[in-house]
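Dear colleague,

I am passing on the structure we spoke about, and below it I have set out what was found.

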Amino acid sequence: METNSFDAIVVGSGMSGGWAAKELTEKGLKTLVLERGRMVKHGDYPTATKDPWDLPFGNRITQDIRHRKPIQTRTGYPTPANEHWFVDDIEHPYVEDEHKFDWLRGYHVGGRSLMWARQSYRFGPLDFEANAKEGVGVPWPVTYDEIAPWYDKVEIFAGISGSKDGLYQLPDGHYLPPHDLNCVEQDFKKTLAAKMDRKLIIGRCANLTAPLTHDESPQRGTCQARNMCIRGCPYGGYFSSVSATLPSAERTGNMTLLPDQIAYELIYDEKKGRATGVRVIDAGTRQQTDYFAKLVFLCASAMGSAYIMLNSKSGRFPNGFGNDSGELGHNIMDHNKPGSSNASVEGYLDMAYTGRWPNGFYIPRYRNVGKDKRDYLRGFGYQGRAQRAGWSRFNDSALVGDELKKALKEAGPWSLGMTAFGEILPNHDNRMWLDPEKKDKFGLPLLVVNASVRENERKMEKDMLGDAAEMLEAAGYKNVVVKSDSYNVGNSIHESGTARMGNDPKKSVLNKFNQVHACKNVFVTDGSFMPSFGCQNPSLTYMAFTARAVDHAVSESKKGNL
Amino acid sequence: MIERRELLRRAAWILGGTISAPAALAILQGCSAKKSPGVEVLYLPKFMTDGSMFEVVSEIAEIMLPKTDTSGAKDAGVPIFIDTALDAIYDPESQQRFRAGYADFEASARSAGRKPFLEQEPAARAAFVKTSLETALAGDREPKPFILVTRELVLLGYFTSKPGITENMTYEAVPTAYHGCVPVAQMKTPAYWE
């Protein structure tokens, strides 16, 4: 038992787990990090330097990938270049109830921090105040001012590039120099400002456009504009737990990182009223082991952490760990993505760009901001880019021979495309639970999900698609096409909300420090804790809340309160 | 008598799929096989096994992207790419449609030129490919007709090959930085691999 005891256990090694590991170990705690998937160390990126001709089948999704990863491929992501980061759905099943649910997973050290899109926005006062003002879900127990210093901390460490834009709905942070907008994007920005009083800004992204402003990550270099981030970056050009937080934790000498360990239950001591550790099954040998610690951080993703809690039943917690409120596993959110838009842009044929940027432009939320009032709550933002067409513009063309080869040596015309990401309101009926009968190959119950978009989201969709057409037409662009797509919750890979925080223990699972209301030495700091979801990409917010939760946990622990 | 092509295919198969023409010829000592012009590699097709499908699609590819000051489709390995891609990427229904589309293409080429496609003069073949493209583009494109699927694969194969990319456009494995507004006149080539 001695060798299985630590000061703290972190379950999960992705975006949140990496931060928990770094902060806990830097504060001197002997920390065990449990990862259910395989080991990955910075540099273990097998396809990272492959040229296009080194990848099979033009890097298209193969039938084999589709057969093994039928859910992962719903996003179009797992290609031969990156499929090793996406789980085998056959091996790791779950149950979709009434609605499809797209659960994108990466079972390896680093989790989805290796494949994330790196867009890094703060939530603002508008987001933190919305639930209370509108009577939706539970009020946020944290204000923007309380979390702002933690945003500062994680932005500086991670290295976020961007511009300061002075927007109330999207607070500025600490940024490395912004990427350039290209000529057409600048044109679009001017139009939106002049004709519609809307802002277009450069994406704020976790790619190093300049050296970090600290010396804590000597393994990281600047972004090389290869735009192959999803394969893992040997230059450390973007933030992931593998490139940044885990190396910091490793250097303290306080981290024990164990891959292939599936945590499935919290061990609860009824007498002490505390969790004493975590029960684990080895993914290879199937051996069960108990690990013990004074502090437990669940960072296993919104579905993963809620799964472990639902699967941890005791006399005190017959309905799942810390589930006095009955909200555990409920209120699943994501970002609604009902379609995309595109238009041809005439002119600018004498201008182009060099390098492959890992970024795009962002149109921050403008609906229900200031004087704007709609017949729905909240809003949406657009992410997009303008580019010159490449060779695929000749797919549907009758040009052949010399003529075609000459034409292919020219740059194609410009087009501009963008996609809206809309806020989904928390709803008790969007939920996950454990299947009472079906089990996976480890003998663990399967997770069941049922979540869908509802009335508010449907109303918002009209603006999400309609505004796009209006803006593209206002800019004078041609062939405006707005395509509506079917969207399954989860498809934006931002699933969240399953163990929301709040001041009222009767209505929420966690308190304002991500601490389980009913068991103070367990913290949940992945997307589970979100009581509402904004329309911004959420990872930066998970990082900030994780760092803050560790600070609270360690100071309370020192005071003898845990 | 076993056909020359079948012999070469078997030889290729024995050696694991792809062998160079001289090596194959050496194995087939005494055989009067000739290397056809432009074909550097002999190959045992995985998917394009019907009749002369592999050869016909190779010719279509070369008609679309011939050898000029830069490599042609055959030199860039496009025929083999198409064969492996059809096998690996396409679902059975699309594969079946491709086979049927090939049979139709062969039949209409024969009725237009009174000879099998491969036996027609190069100019006649090129004209037939061009006409097929124009007809397909004017008609119903859902599902995608054979000639347009082939074209998509020709372009994909060519522009994911080293000669296709590096000889026709600027390719930078490590660009080091992104510059958003660059006059085309200042670029090495107007076409830039993204």
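Which residues are buried in helix α3 (residues 125-134) of chain A? They are Leu126(A), Asp127(A), Phe128(A), Ala130(A) and Asn131(A), where buried means that 20 or more other C-beta atoms, placed from the backbone, lie within 10 Å of the residue's own. Helices here are DSSP runs of H or I with at least four residues, and strands are runs of E with at least two, numbered from the N terminus.

Please keep in mind that this is a predicted model, in which local features need pLDDT of at least 70 and side-chain atom pairs count only at pLDDT 80 or more, while totals for chains, interfaces and linings use all residues. Residues are numbered from 1 along each chain as its sequence is written, and chains are lettered from A and ligands numbered from 1 in the order in which they are written.

The cover over the buried residues of α3(A) includes α4 (144-158) of chain A, and after α3(A) comes Gly135(A), with a positive phi near 65 degrees.

Between the chains, 49 residues of chain B are in contact with 41 residues of chain A, contact meaning C-beta atoms, placed from the backbone, within 7 Å. Among the elements that give two or more residues to chain B's side are α6 (122-138) and β3 (179-183) of chain B. Strand β11 (residues 351-354) of chain A is joined to β3(B) by 3 bridges and runs antiparallel to it, with Val182(B) as the bridge partner of Ala352(A).

With regards

Methods: Buried ≥ 20, exposed ≤ 12 C-beta atoms within 10 Å, placed from the backbone. Contact = placed C-beta atoms within 7 Å. Pairing = 2+ DSSP bridges.
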